[in-house]
Amino acid sequence: MFVCLCTGATSHDVAECVANGARTSKQVAEACGAGVDCGRCRRTVRSIIESYFAREHATPAAVSR
């Protein structure tokens, strides 16, 4: 799914940036460009970041549901 139409960044691109160490929407923007232009995607970028860390800290039982 496209996250940033301005740069063509996808949810996979953003998730990869987060997996590689980006922790803020600004860091994601620097890594892949999502959020640099108009900024409409920043909320989605932040959601992807939050989801990543929610999964990372989830218990194995919660993940298997």
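Guide: Let's start with a definition: helices (H or I, at least four residues) and strands (E, at least two) are DSSP runs, numbered from the N terminus. By that rule, the secondary structure here comes to four helices and two strands. Going along the sequence, the pattern reads β-β-α-α-α-α. Keep in mind that this is a predicted model, in which local features need pLDDT of at least 70 and side-chain atom pairs count only at pLDDT 80 or more, while totals for chains, interfaces and linings use all residues. Residues are numbered from 1 along each chain as its sequence is written, and side-chain values use heavy atoms, with hydrogens and water left out.

Visitor: Why does Cys 17 count as buried?
Guide: Buried means under 20% relative accessible area, exposed means over 50%, and partly exposed is in between (1.4 Å probe, protein chains only). Cys 17 has 12% relative accessibility, so it counts as buried. Of the 65 residues of the protein, 29% get that label.

Visitor: And what makes Arg 46 partly exposed?
Guide: Arg 46 has a relative accessible area of 41%, so it is partly exposed. This residue lies in helix H3. Its C-alpha atom is separated by 6.0 Å from that of Ser 25, although Arg 46 and Ser 25 are 21 residues apart along the chain.

Visitor: What about Ser 51: which label does it get?
Guide: Ser 51 also lies in helix H3. With 37% relative accessibility, Ser 51 counts as partly exposed. From C-alpha to C-alpha, Ser 51 and Ala 15 are 9.5 Å apart in space, and 36 residues apart in sequence.

Visitor: Where is Val 36 found, and why is it called partly exposed?
Guide: Val 36 sits in the loop between H2 and H3. Its relative accessibility is 47%, so Val 36 counts as partly exposed. Contact means heavy atoms within 4.5 Å. Leaving aside neighbours within four places in sequence, Val 36 is in contact with Ala 29 and Arg 42.

Visitor: What makes a group of residues a nonpolar core?
Guide: A nonpolar core is a set of buried Ala, Val, Leu, Ile, Met, Phe, Trp, Tyr and Cys residues joined through side-chain atoms within 4.5 Å. The largest one here has 13 residues, and those with the most contacts inside it are Val 3, Val 14, Val 28, Ala 34, Cys 41 and Val 45. Strand E1 (2-4), helix H1 (11-19) and helix H3 (42-56) each supply at least two residues of this core.

Visitor: Which residues does Val 3 touch?
Guide: Setting aside neighbours within four places in sequence, Val 3 is in contact with Ala 9, Thr 10, Ser 11, Val 14, Cys 41, Thr 44, Val 45 and Ile 48.

Visitor: How many disulfides does the structure hold, and how do you know?
Guide: The structure holds zero disulfides. A disulfide is a pair of cysteine sulfur atoms within 2.5 Å. Cys 17 is in no disulfide; its nearest cysteine sulfur, that of Cys 32, is 3.7 Å away. Cys 38 is in no disulfide either, with the nearest cysteine sulfur, that of Cys 6, 3.8 Å away.

Visitor: How do H1 and H2 cross?
Guide: Axes are lines fitted to C-alpha atoms, for helices over the stretch in contact, and angles run from 0 to 180 degrees between N-to-C directions. The axes of H1 and helix H2 (residues 25-32) come within 10 Å and cross at roughly 110 degrees. That makes H1 roughly perpendicular to H2, because angles under 35 degrees count as roughly parallel, over 145 as roughly antiparallel, 65 to 115 as roughly perpendicular and the rest as oblique. Val 14, Cys 17 and Val 18 of H1 make the contact with Val 28, Ala 31 and Cys 32 of H2.

Visitor: Why is H1 called oblique to H3?
Guide: H1 and H3 pack at an angle of about 50 degrees, with their axes 10 Å apart. That angle makes H1 oblique to H3. In this pairing, Ser 11, Val 14, Ala 15, Val 18 and Ala 19 in H1 meet Val 45, Ile 48, Ile 49, Tyr 52 and Phe 53 in H3.
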